[in-house]
Amino acid sequence: MLLKIIRNVLGYSIAAMDVVTRPRGLKRTPQAQAEVDAQTANMSLYQFTACPFCIKVRRGMHKLGLNIQTQDAMNDPKARQELQENGGKVKVPCLRIQEAGKPDVWMYESGDILNFLQQKFG
């Protein structure tokens, strides 16, 4: 119980510092941003608010100027169930990539997610 309290206090402290120290986002022309938004419309990041690895991914998304929908897999039972049933495990961060005519991709590991986003949008 004490470890959970410490983990939550540290996690939420890191999340608060992220908001304060967040880098500027990548600036695009309105047309270019609309194209990127269309490409990210079928992506969702399953995450916990205070997870350091999730914060790392959210910072990377912000830096790249990406508007990817986030799902709170800790406090939203529906999101947690989707992650468990379709992704195979409740582990965050997890980027869900949906493409028409293809099976969904459930990408775990913050480094893999950031590398993918950097290659595609950086």
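1. The backbone oxygen of Asp37 lies 3.2 Å from a polar side-chain atom of Thr40. This is a polar contact, meaning a pair of N or O atoms within 3.5 Å; within protein, one must be able to donate a hydrogen and the other to accept it, and residues adjacent in sequence count only if both atoms are side-chain atoms.

2. The model is predicted: local features need pLDDT of at least 70 and side-chain atom pairs count only at pLDDT 80 or more, while totals for chains, interfaces and linings use all residues. Residues are numbered from 1 along each chain as its sequence is written, and side-chain values use heavy atoms, with hydrogens and water left out.

3. Thr40 belongs to helix α2 (residues 30–40). Helices (H or I, at least four residues) and strands (E, at least two) are DSSP runs, numbered from the N terminus. Is Thr40 buried or exposed? Thr40 is buried, with a relative accessible area of 1%; buried means under 20%, exposed over 50%, partly exposed in between (1.4 Å probe, protein chains only).

4. Not counting residues up to four places away in sequence, Thr40 touches Leu66, Asn67, Ile68 and Phe121, where contact means heavy atoms within 4.5 Å. Thr40 and Asn67 are 27 residues apart in sequence, yet their C-alpha atoms are 6.7 Å apart in space.

5. An open sheet is formed by four strands in the order β2-β1-β3-β4, with mixed pairing; two strands pair if DSSP finds at least two bridges between them. At the edges are β2 (69–72) and β4 (105–108), each pairing on one side only. Strand β3 (residues 94–97) pairs with β4 in the antiparallel sense over four bridges, and Cys94 stands opposite Tyr108 in β4.

6. Helix α5 packs on the sheet, where α5 touches β1, β3 and β4, and its direction makes about 120 degrees with that of β4. Helix α3 lies across β1 (43–47) and β2, running at about 150 degrees to β1. Axes are lines fitted to C-alpha atoms, for helices over the stretch in contact, and angles run from 0 to 180 degrees between N-to-C directions.

7. How do the two helices meet? The axes of α3 (residues 52–63) and α5 (residues 110–121) come within 9 Å and cross at roughly 5 degrees. That makes α3 roughly parallel to α5 (under 35 degrees; over 145 is roughly antiparallel, 65 to 115 roughly perpendicular, the rest oblique). Phe53, Lys56, Val57, Gly60 and Met61 in α3 meet Ser110, Ile113, Leu114 and Leu117 in α5.
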